[in-house]
Amino acid sequence: MPESNERGKSVRGLFSRKPKPDKPKKEDGRLKQIWNVFKMTRRQNPAVVWWMLLAFFGLVFIGAVAGFIVGHAIYATVLGVAFGILAAMFVLARMAERAAFKQIDGQPGAVGSALGTLKRGWSVEEQPVVIEPRTQDLVFRATGKAGVVLVSEGPAQRAARILGKEKKRTSRVLPNVPVHLIQAGNGDNQVPLRKLNRTVTKLKPELTKAEVLAVRKRLTALPSSAMPIPKGVDPARARPDRKGLRGR
């Protein structure tokens with residue numbers, strides 16, 4: 001009998017369900033993400049700690065004073081703490097965005113990464129529509145209700161030339177659609193990377209939703225003047241297809 005019991009237990013053990021590993025809680029993942037963002041921001045700008053503390057304690061102080069005046073000091077202080085946390089998170093988000101742009105500023109493809117954070121309503125090409133292999137200048141394209149936006153990455157003089165050339169090519173396919181030219185960079189008459197999205201979203205809407213869809217469909221038929229770049233490849237190291245050039 002003891003042997004049969006032991007065999008039964010071993011058989012049941014083979015077919016018994018194994019305990020599932022504990023899944024990480026969403027809250028833990030979110031807190032870890034906030035902590036990583038805070039560390040990245042603090043490396044770029046150590047003053048973020050003081051600005052967050054100022055926002056938090058400022059709201060707490062305002063809430064406590066207002067509560068003391070109206071006779072509900074405890075209730076108003078609790079509200080001040082809640083709004084203080086929200087204010088500190090808002091400060092962190094804004095300074096983290098600036099730190100992220102500062103971190104990628106000057107790197108090839110930084111304009112495309114910045115445009116990729118545009119809000120809903122804008123469509124941004126993943127790859128540049130123009131690549132100058134010799135000068136490493138790039139042009140990215142975004143479409144929205146304001147029309148077509150061409151954004152260059154490179155020195156002002158060379159950027160003006162390639163933007164003008166790409167605008168002519170785009171206007172042939174979309175003659176009645178506004179085409180906006182923006183030079184991204186830190187030179188004269190150029191838009192800094194951290195202000196790029198704000199500049200694009202401030203453009204006046206001139207197209208309807210249906211017209212925007214038609215524009216995007218027409219642009220898909222427009223052959224790109226830049227060769228496709230696989231993900232993970234530095235655009236600065238891209239080279240033209242010399243066999244294709246010979247064939248022409």
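**Burial, fold and confidence**

Trainee: What percentage of the 248 residues in the protein chain do buried residues make up?
Mentor: This is a predicted model, in which local features need pLDDT of at least 70 and side-chain atom pairs count only at pLDDT 80 or more, while totals for chains, interfaces and linings use all residues. Residues are numbered from 1 along each chain as its sequence is written, and side-chain values use heavy atoms, leaving out hydrogens and water. Buried means under 20% relative accessible area, exposed over 50%, and partly exposed in between (1.4 Å probe, protein chains only). Of the 248 residues in the protein chain, the buried share is 33%.

Trainee: In what order do the elements of the protein chain run from the N terminus on?
Mentor: Helices (H or I, at least four residues) and strands (E, at least two) are DSSP runs, numbered from the N terminus. The protein chain has nine helices and five strands. Read from the N terminus, the order is α-α-α-α-α-β-β-β-β-α-β-α-α-α.

Trainee: How many contacts beyond near neighbours in sequence does the stretch of residues 227–248 have in the model?
Mentor: The pLDDT is the predictor's confidence in each residue, from 0 to 100; the protein chain has a mean of 77, and 78% of its residues reach 70 or more. Over residues 11–16 the pLDDT is below 50, and that stretch has zero contacts (heavy atoms within 4.5 Å) beyond near neighbours in sequence. Residues 227–248 also have a pLDDT below 50, and beyond near neighbours in sequence their contacts number 21.

**The strands**

Trainee: How many residues of strand β3 are buried?
Mentor: One face of β3 carries Leu138, Phe140, Ala142 and Gly144, and the other carries Val139, Arg141 and Thr143; both faces are covered. In a regular strand the side chains alternate between the two faces of the sheet. Strand β3 (residues 138–144) is largely enclosed by the rest of the structure, because its buried residues number seven of seven.

Trainee: Which residue in β4 is the bridge partner of alanine 142?
Mentor: Strand β1 (residues 123–124) pairs antiparallel with β3 through two bridges, and there valine 124 stands opposite alanine 142. Strand β4 (residues 147–153) is also antiparallel to β3, with seven bridges, and the β3–β4 hairpin has two residues between its strands. Within β4, the partner of alanine 142 is valine 149.

Trainee: Which residue in β5 does valine 149 stand opposite?
Mentor: Seven of the seven residues of β4 are buried. Six bridges join β4 to strand β5 (residues 179–184), and the two run parallel. In that pairing, the residue opposite valine 149 is histidine 180.

**The helices**

Trainee: Which residues is threonine 170 in contact with, leaving aside its neighbours within four places in sequence?
Mentor: Threonine 170 belongs to helix α6 (residues 156–173). Its relative accessible area is 0%, so threonine 170 is buried. Beyond its neighbours within four places in sequence, threonine 170 contacts Val148, Leu150, Val179 and Leu219.

Trainee: How far apart are the end C-alpha atoms of helix α3?
Mentor: The expected span of a helix is 1.5 Å times one less than its number of residues. Helix α3 (residues 48–70) has 23 residues and should span 33 Å, which agrees with the model. Its buried residues include Met52, Phe56 and Val60. The end C-alpha atoms of α3 are apart by 33 Å.

Trainee: Which glycine just after α4 takes a positive phi?
Mentor: Helix α4 (residues 73–104) has 32 residues and reaches 46 Å from its first C-alpha to its last, close to the 46 Å expected. Among its buried residues are Gly80, Gly84, Ala88, Val91 and Met95. An α-helix has 3.6 residues a turn, so residues three or four places apart point the same way. Just after α4, the residue with a positive phi of about 90 degrees is glycine 106.

Key
Pairing = 2+ DSSP bridges.
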